[in-house]
Structure formats: C-alpha cells, structure tokens
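Here are some friendly notes to read alongside the model. Please keep the structure open while you go through the points.

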Amino acid sequence: MGLLTENGKIEPFPDADWNGWQPGQNATHRFVSVNALHVAPDGTLWVVDTGTPSFGGPPVPRGAKLVRVDPATGHVLRIYPLDPEIAKTGSYIDDIRFNGRHAYLTDAGKAALIVLDIKTGQARRVLDNDASTRARTDRPIVMGGHVLENGPHQPFLVNVDPLEVSPDGKWLYFGPLEGPWSRIPTALLDDPNVASTDLSAAVQPWADLPPIGGSAMDTAGNLYFTNLKDDGVYRRDVSGKITKLISDSRLHWADAPCLAPDGRLWLPIAQLDRLPMFYQGQSRIIQPFLLVSIDPHAGQVKPGR
C-alpha cells in the first residue's frame, strides 16, 4: 500500500515493514494482500487485507484482517483479526462499509456477509451461502464481447462483493459482482439473536444492476457504479433511474470508486480481467496503471498523477 506524495512519488504506507510481508513470515503486523481501503465516518482509514497471497487462494495464518489507521500520521490504531471461522478456506474478504458501531464486509469467495462490532472486535458471518450472496451462473461477466472465464467453459463467478449503507443507516444494499442487488434492514443484521432463517426471509430485491467493478453512494442516496461491459460509469438515483455518465476505454475494469469532498469521483483502473490467470499464464495488463477522476456532473476524465 502506498501514499502518493506531492512530487508524484509513491511511498510505503503506513511504512515499509507493513508492506514487506514474505511467505513464511508472521502476517499479524504485515499486509498480505490489500483489497480495499475505505474512510470511516470518523475519518480513520480502514484497510481490508484478504490474507490471501494469490487471487482466490487460501488465507495464510493471521493474514485476513482489518487494519484501522490514522491517515494523517500513519499510526496503526487497531488490528481486527478475522479468525478462521470468519475468513474460511476459500474466503475472499472483499470490501467494507460502516453504520454506527458496526461495520459490514462481503466475502466474495465463500458467499456471506460479515458483521463486525467495532467496539468489541467480535465478528459474525450472516447470510452464509444465501441465494442473495451467491453468484448466479446465468449472469456472466462480459467484457470485449466475450464471457470472462477462469477455465474452459467455466465463467468467472464472484459472490457477494459490492455493498453500500443507505444515508439514514437503515438499509444495507449488497449483491454478487454480477448482480442483482438486494437489501436488508441493518437493525436485523446488528442483532446477533436474529435467526439465520429470519435474516434470509428479510432480504428484499433492490436493484437489477449489471456486473460492476465497484460502487460509491453519496449522502443523498445516489449510487455511482462502474459497468464492466462498456467501461462506463453510471448513476442510479433514489427513484431507481439509471443514467450513463461516461464510457471510456481508459476505464477498463474501473474499481473501488471514491467520492472526494469536492464531489469528484476517483477511480483506480484495476484491469482485473487482464491478469495471467485468465490467459493461460500470460499477462495482458497495459502499463501504466491509471488513477483517474471524473466530475459526475460533467463526465470528463482527468488522469491522476
């Protein structure tokens, strides 16, 4: 993980040791594979470490964790380990959102939501292998006119991945990468005494979105998401109306959108579908990796430094 400085250089953040994990080393105080960064309402930076050295591989011991960091100083405030009963073999802890004293995470590998009590550090798996958290084979990822596969005639499937909390904190929206999205009352998620069958029964359809790279929700409840099929960025307003903001070949598998305080939408360009695992070990990544921003109201792309 790095910090982009004013002179355009990237420095290890929070320090080199945290970014220096090697196989066989203790992973408690080192990043193994950072998949998501998110700023909590209190301004602290949360780092989601899948703990998996290879994409889709098993987490190493003490590798899967959340790391809460003061972004101004780089001081690590707390480490939240995700034990093997939470980050299971085959898990891929993906992203995080916040609601009061709780955080919600998605397990894109083993199809479940994770509810974390921020104060106690206790985590629970919910909607484990539920229909709402599992990827559907009838909704493949199509890019460049072709179905993305991780083996001959094996469509690449990603279980529950994107998630957002409604501005009033009453709903969690979530879905497989391929869609569709569902919603569930956060009051039920936050209560450890609610039975799994009751949780499953409380899930409601929310939005039939296409396969996306990532999403962000503003304080008005507008959802911004990247459409993998056409390298596009879209907005879904609170009425459900979907508007294309821009489509640009430079936005190829744009991931993890972030709304800045000035209203601009920042997008790292992951090119995930060009990894060697999808091309018999041959990388099709186009260098350099890009970080771009757009004005959601003007639809203009501005390269990052």
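1. Asp208 and Arg139 form a salt bridge, with their closest N and O atoms 2.8 Å apart; the term means a side-chain nitrogen of Lys or Arg within 4 Å of a carboxyl oxygen of Asp or Glu. The pair links distant parts of the chain, 69 residues apart: Asp208 sits in the loop between strand E16 (204-207) and strand E17 (212-217), and Arg139 in the loop between strand E10 (123-126) and strand E11 (142-143). Strands (E, at least two residues) are DSSP runs numbered from the N terminus.

2. A word on the source: this is a predicted model, where local features need pLDDT of at least 70 and side-chain atom pairs count only at pLDDT 80 or more, while totals for chains, interfaces and linings use all residues. Residues are numbered from 1 along each chain as its sequence is written, and side-chain values use heavy atoms, with hydrogens and water left out.

3. Are Asp208 and Arg139 buried or exposed? Asp208 is exposed, because its relative accessible area is 59%, whereas Arg139 is buried at 16%. Here buried means under 20% relative accessible area, exposed over 50%, and partly exposed in between (1.4 Å probe, protein chains only).

4. Lys65 pairs with Asp49 in another salt bridge, the closest N and O atoms being 2.7 Å apart. This pair also links distant parts of the chain, Lys65 in strand E5 (residues 65-69) and Asp49 in strand E4 (residues 45-49), 16 residues apart. Both Lys65 and Asp49 are buried.

5. Arg97 and Asp95 meet through their side chains in a salt bridge (3.2 Å, N to O), and both are buried.

6. How many salt bridges are there by this rule? The count comes to 13.

7. Leu291 lies in strand E23 (residues 291-294) and is partly exposed, because its relative accessible area is 32%.

Note on methods: Helix = DSSP H or I, 4+ residues; strand = E, 2+ residues; numbered from the N terminus.
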